[in-house]
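I opened a new page for this chain.

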Amino acid sequence: MKKGLLIFGIVTTLFSLVGCEPEVIAPVVTITPSELNLLVGQKDTLQATVSIEGTTPAVMIWESSDTKVANVDAKGVVAARSEGEAIITLTTEHGTAQCVVNVLYGTLVIDKEEMTIHFKYKSKEPRGESP
């Protein structure tokens, strides 16, 4: 251990003598996907990654900007609750990252014969003239 500290001290001293500072690469946290589209009632899991391989956040705090639209648990599982948009924020000791969650109210129709998927959008808002 003393040998490692001695080498670190020598390298740091040499850098300071020549007017250079060693480049420190700070890890960056990201969420995959960065945008998520869900139907009311659906769930999906967000994945947190850190830019430096082998680095794992010790603390991960997941939060939703609007828990009426979408909430998130401690494991990054997002549950769509009602139509709208929510921003999921992950906070770690390496920084923060966000994912935009769009929640729609509707149904998916899968036509097995034609091999197609159709989305039938339904709005809970009453239809009528705009003010």
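**Entry 1: T89**

I looked up T89 first. Is T89 buried or exposed? T89 counts as buried, because its relative accessibility is 18% and buried means under 20%. I note that the model is predicted.

Next I checked where T89 sits. T89 belongs to strand β8. I then asked which residue is its bridge partner in β9. The partner of T89 there is Q98. The side chains of these two residues also make a polar contact, at 3.2 Å.

I listed the contacts of T89, leaving aside neighbours within four places in sequence. I found I61, W62, E63, T96, A97 and Q98.

**Entry 2**

I moved from the residue to its strand. β8 covers residues 84-92. It pairs with β9, residues 95-104. How many bridges join β8 and β9? I read nine, and the sense is antiparallel.

Both strands are part of an open sheet of four strands. I wrote down the order as β2-β9-β8-β5. The pairing in this sheet is mixed. Its edge strands are β2 (35-39) and β5 (61-64), and each of them pairs on one side only.

**Entry 2: T92**

I stayed in β8 and went to another threonine. T92 is found in strand β8. Why does T92 count as buried? T92 counts as buried because its relative accessibility is 11%, and the cut-off is under 20%.

The side chain of T92 reaches the backbone nitrogen of H94, at 2.9 Å. I then looked for contacts beyond four places away in sequence. T92 touches V29, P57, V59 and M60.

**Entry 4**

β1 is joined to strand β4, residues 47-50, by four bridges. The two strands run antiparallel. T32 stands opposite Q47 in β4.

I then followed the chain past T32. The peptide bond from T32 to P33 is cis, with omega near -5°. Where does P33 lie? I found P33 in the loop between β1 and β2.

**Entry 3: a sheet of three strands**

I turned to another sheet. Three strands form an open sheet here, and their order is β3-β7-β6. The pairing is antiparallel. β3 (43-45) and β6 (70-72) are the edge strands, each pairing on one side only. Neighbouring strands of this sheet are turned by 20° against each other on average, direction ignored.

I looked at one pairing in detail. β3 pairs with β7, residues 77-80, over three bridges. The sense is antiparallel. The bridge partner of T45 in β7 is V77.

**Entry 4: the nonpolar core**

I asked which residues of the largest nonpolar core touch the most other members. The core has 18 residues, and the answer is L46, V78, I88 and V101. The elements that give two or more residues to this core are β1, β2, β6, β7, β8 and β9. β9 gives the most, with four residues.

Leaving aside neighbours within four places in sequence, I88 has contacts with several residues, among them I31, L46, W62, V72, V78 and V101. Its contacts also include E63, S64 and Q98.

I stepped back last. How many helices and strands does the protein chain have? I counted one helix and 11 strands. Along the sequence, the pattern reads α-β-β-β-β-β-β-β-β-β-β-β.

The chain has 131 residues, and 21% of them count as buried. Its accessible surface is about 9,800 Å². Carbon and sulfur atoms account for 57% of that surface.

I also checked contacts between residues at least 6 apart in sequence. Of these, 49% join residues at least 24 apart.

Methods. Residues numbered from 1 in each chain as written. Predicted model: local features only at pLDDT ≥ 70, side-chain atom pairs only at ≥ 80, totals over all residues. Heavy atoms only, no water. Pairing = 2+ DSSP bridges. Axes fitted to C-alpha atoms, helices over the stretch in contact; angles between N-to-C directions. Buried < 20%, exposed > 50% of the residue type's maximum accessible area, 1.4 Å probe, protein only. Polar contact = N/O pair within 3.5 Å; in protein donor to acceptor, adjacent residues only side chain to side chain. Contact = heavy atoms within 4.5 Å. Areas by Shrake-Rupley, 256 points an atom, 1.4 Å probe, with all protein chains shown as cover. Core = buried A, V, L, I, M, F, W, Y, C linked by side-chain atoms within 4.5 Å.
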